[in-house]
Structures are given as C-alpha cells and as structure tokens.
Amino acid sequence: MKKQLSKTAFYAFMLISVAITLFPFIWMISTSFKPPDEIFTKHPSLFPSRFTLDGYRQLFAAVSMWTHLFNSVIYAVFVTILSVLFNSMAAYAFAKLRFPGREKLFALLLVTMMVPGQVTMLPVFLILKSMGLLNTYAGLIIPGSAAVFAIFMIRQFMAEIPEEILEAARIDGLSEFSIFWRIILPLCRPIIATLAVFSFIGAWNDFLWPLIIMLREDKYTLPVALASANGQYNTDWAFLMAGAVVVVIPAVLIFLLAQKHYIKGIAAGAVKG
Amino acid sequence: MKAFGMAFRVATLILCFSAAGAQAGERITVWAMGAEGKLIRQAADLFESRNPGVRVITQSIPWTGAHEKLVTAVIGDMAPDISQMGTTWMPEFKAMGAIEPLTGLVKGSTIKPGDFFPGALESNFSGGEWYGIPWYVDTRVLFYRSDLAKKAGYDAPPEDWEGFYRFSKALLAAKESGYSLSLPTNDWQIFLMFYWQSGGELLQGGEPLTPGSFERTVAYLKRFFDEKLSPLEGGREMDLLTAFESGHFPAFISGPWMISQLETSKPGLNGRWATARLPGGERRASFMGGCNLVMFRNSGNKPLAWKFMEFLSTPEMQARWYEISGDLPANRKAWNAASLAGNKKLSPFRKELETAKAPPQIPEWESVAAAIDDAVEEALYGKTEPSAAREKLSADIAGILKKSERTQSAAFKIAVSILLCLLPVTAVFLYLRKKGGDAEKKRVQYAAFLFIMPAMAVLTVFLFIPILGSFTASMTNWNMYGINDFGKVAFIGLENYSALFSDRIFLAGLRNTLVFAFIGVPLGIFVSLSLAIALNAQILRFKAFFRVSYFIPVITTMVAVAIIWRWLYNPEFGIFNMLLSSLGLPAQNWLSNKWLALPSLIVMAVWKGFGYNTMIFLAALQSIPESLYESIDIDGASWSQKFWYITLPMLRNTFFFITVTTTIGYLQFFAEPYIMTGGGPMNATMSVVLHMYRHGFKFYNLGYASAMAYALFAVVFVFTFLQFRVQKRKEEAA
C-alpha cells in the first residue's frame, strides 16, 4: 500500500515536471496552426478554435525548404561526425594514455574554455578569410569540429573505466587504436550519444555563424533562411512558429535516435567480464 | 572540398568574362532585409523586363544579424553591389570606407533631392557628399482608442503638450483600471521626439545637448509616470496589441507597421481606433526612420547599380512599392497615388514626415543612443535631477566622441603584436616544459600524439590563435574606423582595462553575473541531478517519453521560449500573477521590477538549460554497475544511504565536470537578458557578456570589448581554480 502510494506520488511529480517543460513546446505547435486574431489574446487557448495551415503554406511558399534543409543537414551531420571522432580521440589520450605534460596541457585547455566565445568570432572569421575558406562548407564546419567542452566531458567519463580492461587488451596485443575503437568507444556509448546530440543540436540551431560565413542565399541553413523571411516590425507569429516547428522536428528525431543508446549496464557488464 | 570551391570560382569567372564580352547579360546583386529581401524580387522582375539582358540577383538578409552580416561582408570582400541600409547605420559604413560616394551620379540624374522628405535626406548627405538615396521612410504617430477618447469627451487628441497631458488624464478617468498611455522609459526614440518638440538639438554648435530643453522634456514626461498615466514598470513585458484591445493601454506611440498588425490580429477593434499626430511643443517633430539604398565601393557594375537605384526611387516605383510591401514612400510625389492619398489612417504620417527629424550622423551613434537611454531612465525614475542628468549625459557623449588620433608606425605595431603574443606563448611554454626523467613507453607517447593531433590542430587554428589575437586587440583602440583598415588601429597599453573600473554598467554587469551564477549554478545542478535520478529509476516506464520531454526546452528555439515566458510573466494576465492573486497577494512586474527581474531570468535560464546536465548525469548514472547496489541491498540499505555511499561517489568525475562547465556557462550569462530585457530595468539584468556584446557588435569598440572579455576571464579563472583545489582535496581525502 505504502509502495503504491509512493509510486503514485512519483508519477505525479514526473507528470507535473513534464507539463512544465512541454508547455512552451505545445504552445509553439498550437500557435503554428492558429489564425492571427487567436494568437495574442488575454486568455489564449491551448488548441486553436479555427485550425489553419496558412502558416505552413506561407512558409513553404517563402522559403525553398529542401535547399536549406540540405545545407543544414550537411552542416550538422559533418560537425557531429568530426566532433565525435576528434574529441573522443583526444579525450582518450587525456584519460588513458600517459604522455609528458598531459595534466598541464589539459589544464591549459580548460583555461581556454573560460574565454567568452563572442570575442574569438571575428578573429576566426579573419583567419578563414586568409585561408580562402569563406563561403565554403569547410569554413563552416571545421571550426566547430573540436571543442574543449566535449573533450572534457568524455575524458571525465573515460577516466571511470577500470585500468584493468586496457591492461588485458594490451597483453592480448591490441594496438592502441583497436583498443580505442573496439573497447573504449562501445563502453562509452551513452556519453558518445550525448555528445552527438549536443553537437548536432548546436550546429542545427546555430544562427550567427552560418549567416556570416555563407555568402549566397542558396547556401543558407534552415534557421538563417527562416529568419530572413521575417519583417523588421511585422511579425507573423503563425509563420514564425511553423518555422520553429519545422526546425525542431529533426532535432527531436535525432534525440530519440540517440537516447536508445542509454542502455543500462553496458560498462558494468564489461567490467565483470 | 577546396578543389570543388576552386572549380566553382573558375566557372563563375568564365561566366562573368563571357557575359561582359557579349555586352548583354550584365548583372548586379542586391541585398535587402527580411520580408523586403523577398519582395524586392517583384521590383527586380519589373526592372529586368524593362531592361532586356540585365539580371538583378536579389538576396534576403535576416534582420536579426543584418548588421553583423553587412560588417563581415565588407571585411570579407563579399559585399553586394547594392544594399538596403538602416538610416542610423550609414555613418559607420562610411567610417569603414565601404560605401561609394554618389555625388556625381546624383547631379546628372533625373532624381531631384528636393522631392524627398527633408528628414529622409539627412542620413544620405554628409560633408558635401551623397552616400545613398532614401528608399522608404517611417515615422511615429499616436495610436489611440477613438471609442474611449469619445467617452472621455474628445473627438481627437489635442495637438499641444498641455492639451495632450489633459487628454491623457481624461482618458484614464474615463475607465476603471490600467493606464492611459504606453511610454517606454528606456527608448531613446520616444525621448528624442519630445526633446526635439521642446526645441532641443543634439550635437549642434559644440553643445551635446540644449540646456533647458532637456530638463523641460524630462519634467514633462515624468508627470505621466508620477501621476500613473503611464507605468514606470511593466511596459516591457506587456503584449501591446492585447493591452490596447482590453483598454489597459488606450494609447501608444508607434510606426506604420502597427496599422496592418492591428487590422489582422485584432479585427474586432476595427472602427474603434485611429491615428493622430504627436503633440507639438515649441515645434512639431516626430522620429524619421526607414531605410536607404547604398552602393558598395567594390561594386563591379556601378552604372547598372545606379540605374536600379534610380528606378527604385522614381515616384511611380515608390508608389508601387507601397502596394507591394506596405512601406511608406520616401519620395513625396509618390504620395499622390490613390492608395496613399485616400488612406485616412496614413494622413497623420504624411504630415509628420514633413517635420520628422533623424538623429545626428555620427558613427558612434549607437553608443550615444545607449547613453541617452541610460541617463533618461535614471532621471525618469527620479534618481538624478534633470539638470544633473543633462550634465552627466553631455560629459558621457563628449567622452564617446573624443577621438584619440594616435598614429603608430606599422613596424612598431607589428613588433608590439609579436611581443604581446609571445607573452602568453612563453608562459605556456615555461608551464609545459618537460621535466626530465620520463619512464613512459615511447609507443604510448606516439599513440597519444596521434590521438590528440586532429583536435589540437583545429583548436590551435580556431581557438588558440584567435585568443592570442583578441588578447592583443584588448590593448588597442580597435573600433569601427579600424575594422577594415588596420592602419588606423593603435596600441594604447592598459587603457581599456583601467577604463573598466570606472564603467558603471560593466560593474553592474559583473555584480549581476556573480549573483546569477551563485544562485543559478546550485539550483540548476540540483534540478538536473534530481530529474536524472528520477529518469534512471527502475519503476519508471515510458522512459523515452520522459527523456525527450526534459530535453525539449534545450532544443526549442529561443524565439518561442522568449514569447511564452514573456506571456507567463505578463503583469496583466500572466500565470504567475494569476497564482499570486488567487493567494490574495498583489500582482508583480516580474521583468521590469529591478529586484525581481534578475531572479525571473534565473528561473527561465534554469528551465531552458537543465536538460543538458540531466542528459550528462543520466549517461553517467547508466554506467554505475548494478552489482554495487545489489551488494548494499543485502545489508538492507535505505534509499538515501545508496545515494550517499554509491551514487554520489560514482558520479564524482561527472559532478566535477558539470560544476566547472555550468559555472563557466552561467558566468557567461547572455541569451536571456539579450532577448528578454535588454539588460534593463536600470541595468538590473545587465551581464558582462551582454555589455561586451553590445560594445563588440553594436558599437564596434572591439578593443574595449576584448578587454572586458579578459577581465571576465580573470574572474572565471579564480572560480575554476578554487573548484579544482576543492576537487583535489576531495580526491586526496578519498
């Protein structure tokens, strides 16, 4: 009986917290289907009383969706792949391979994390200009392919992996790269999935960087293209929210895909074996 | 990738040459902002049909980020032939040397400058040269509820200051609650209109401000706040359209775009509102806004570019553009068109446009405007006497405009730059230098080198070198004059850093940032960890659903988040005030009360960001071996014992990571005040990074902004260092 009660309380808590996090999201979706006179009222309803697709119709008429979707996918997918690869490799070296100056170099990396990103934006732009990489996918993607935050996150996770596993593998004669690829990475699935999601969403929602790097309109990513269809003062909310919905759907899908890798006890099983 | 880019460039070159050779196939590129960038296609199509063989490539630039995009396009040699440009941006781009002077072209043209509204010409003409031509204009008028005015005994608002004040009082008396007028306290445009009306001038005859006029304007406006005709707090989070409908604000001052917004989103109000001219003091004056067309210096086809600019400013095309976009014509002759002349709601605009004024043409205008906002807000709150506020503001403006004409030889600058870069590099080298006696295996070292190589290469080029660069910049006077011409940049030693100590806004920002981190970090971590543990609970079903739900705030775009939170915090009908009133407590101005604004933003930031840390905690919780819990289960351990003796120690590494990164993140607090409050009220939510961003990307004081970044860096460094010490002590104890 007591157990039943605490279970009910637990679910009640979970549902309330979910209501708080989902509310703006649901409002965003519902607004995208509302006619203009229903959007800002004293007592907004959660569901439109007159359902309309006008927001979406205008959106698809104003923006060549497939071109920008393609650009966004290229940007987000390449950043994600490179970021997972580069950062987890570096994290492995910082967590498990002994080399002179390792701790100091790592501390130095952490120090750079404390410089606000806004001040390096213009210098990075000038460097890309001198390399002739403005207005290219390479210029868009490469600066985001390594991040101290990511190296730090994965290194902390890898540090928990017992040393014995590596020793055993080394005795078996595995190269460092196969140890990394076949033993360490599978053990780190949850955190790698987390990093992949963070990288993807970071690039997917990015606005200012793709805007200043890409010159031509047909190279715009989706958030840039959507923003460029808005007026300075006139805001068409249904249109704006339809755009937000279109942008958020792939992000949710990626997250759903990634969270499957949160499987209980992978590392635990490996330790036992 | 690069080969492809090369091939593409070669192909374009060939295309250009062959086109030029054939005489036909001339082309120009035109940038315009937002919706106008899409609609200008219609004008371009018309132009193309009248000029066979000509191509006009139009491109839309988002309004958010348009300024940054134009500046970087100039620096990156990617500017178009023609661009739309905000009237207040003109002097900056002139200072950068990016805009082509048009004097010769204007002289030989069919365009008569006298056809345009005088206020619209001001921003295009300076130092005897033409730099652009007006494209469209806007100005501010009064929007009022005609039904409520009638109830108060007025057919139309009086057109003088005293009468307007009495009208506002009558309007308030004629209804039960709310106010009579929405009058933002920190909007320099609103202030300037009244200041101009009272005979005030800006930067004329060697005086930054006109004594007397400034005081009169403050005293006049202050009456509206003191007598509750307009709220000192609570104007910002209010949804204006809904407040206009409910009668909470039966009048407000705004621009032409409001006509169509009211017509489409509040159709029920049609026939119950009207527009009117602003009241006149010693003279009439409204604010002249709108946009110009400019030609960039590097345009490859200036004759054609000019032809298109001329085309857009003919009366015929100006009237047509109003039909396409709703933008008001800058050319007076276009106003004879039936669609404009016959519109009653537009006639107050037409009259105000004749006398509307534009702010002075100086590149530092954005900084001056921010200083005006600051000084006026303080005076309206009654914190400073009007005359003291004027003297202080005059001094501030003089300080902003003071130019340090320092010339330094290129060799000197290169030498100092190298020395400044060498400083941190040497420090790093000394710090990293090898202490002999490594017994490590060569093979492992070699592997380690290969493993860190890719990330380190990217970080070196795109993080370490930029950091060195911006550190060097923090010792210079790098600003908009030098942004595209390093010859105008000079080293000024530690002046930027010493200026920080007397920068009131920076100090306020530092204090707010620390408060934000001290409350936000523990709160955020507590929420993330609790929810991660809940997500990890064995009894929980539909785990995927709950995980996605918690991550949704992270992926929902800030635009949607900002609207909904503004609505939650709305003083008139927001949920928080509904809760308070159901408890019998008074309503609060969540975002505009200087004590509540920062806590309100903290709550919002925690809500938006906790999902990140929840996912990291969850990933770490997943890897705690079940066997550890099983062994303690046998001993009959309680839930809290499991948490303290197994979960928390096993999360040590993750916990440390999250504390460090969250602290760094919260000390770089930016997005919430940027979108929600702009740093107000009275700088109560100003953060260091927001102040830095304004200096870096709005005022283009890049040297000063960099100095701010490194001052913040020093603060963050101290905190992180302390966290490391604690962690180390814990590890030693363990």
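Predicted model: local features only at pLDDT ≥ 70, side-chain atom pairs only at ≥ 80, totals over all residues.

Colleague: What makes Asp77(B) and Lys129(A) a salt bridge?

Modeller: The closest N and O atoms of Asp77(B) and Lys129(A) are 3.8 Å apart. The cut-off is 4 Å, between a side-chain nitrogen of Lys or Arg and a carboxyl oxygen of Asp or Glu. The pair meets the rule, so it is called a salt bridge.

Colleague: How many salt bridges does the rule find across the interface of chain A and chain B?

Modeller: Two. Polar contacts were counted as well: 21 residue pairs between chain A and chain B, both residues at pLDDT 80 or more.

Colleague: Which helix gives the largest share of the side of chain A that touches chain B?

Modeller: Helix H1 of chain A, residues 2-31, with 16 residues. By class, that side of chain A has 92 nonpolar, 21 polar and 13 charged residues.

Colleague: How many residues are in contact between chain A and chain B?

Modeller: 126 residues of chain A and 135 residues of chain B. Each is counted because heavy atoms come within 4.5 Å.

Colleague: What is the area buried between chain A and chain B, and what share do carbon and sulfur atoms give?

Modeller: About 11,500 Å², with 75% from carbon and sulfur atoms. Interface size is often quoted as the accessible area lost when the parts come together.

Colleague: Now chain B itself. How is chain B divided?

Modeller: Into domain 1 (24-137 + 289-342), domain 2 (141-285 + 361-401) and domain 3 (506-556 + 589-733). The centres of domain 1 and domain 3 of chain B, over C-alpha atoms, are 47 Å apart.

Colleague: With centres 47 Å apart, how do you know what is in contact between these two domains of chain B?

Modeller: The contact takes four residues from domain 1 of chain B and four from domain 3 of chain B.

Colleague: How many salt bridges and polar contacts cross from domain 1 to domain 3 of chain B?

Modeller: The rule finds zero salt bridges. It finds one residue pair in polar contact, both at pLDDT 80 or more.

Key:
Residues numbered from 1 in each chain as written. Chains lettered and ligands numbered in written order. Heavy atoms only, no water. Buried area = accessible area lost by both parts, 1.4 Å probe. Polar contact = N/O pair within 3.5 Å; in protein donor to acceptor, adjacent residues only side chain to side chain. Helix = DSSP H or I, 4+ residues; strand = E, 2+ residues; numbered from the N terminus. Nonpolar A, V, L, I, M, F, W, Y, C, P; charged D, E, K, R; others polar. Domains from an automatic or database assignment.
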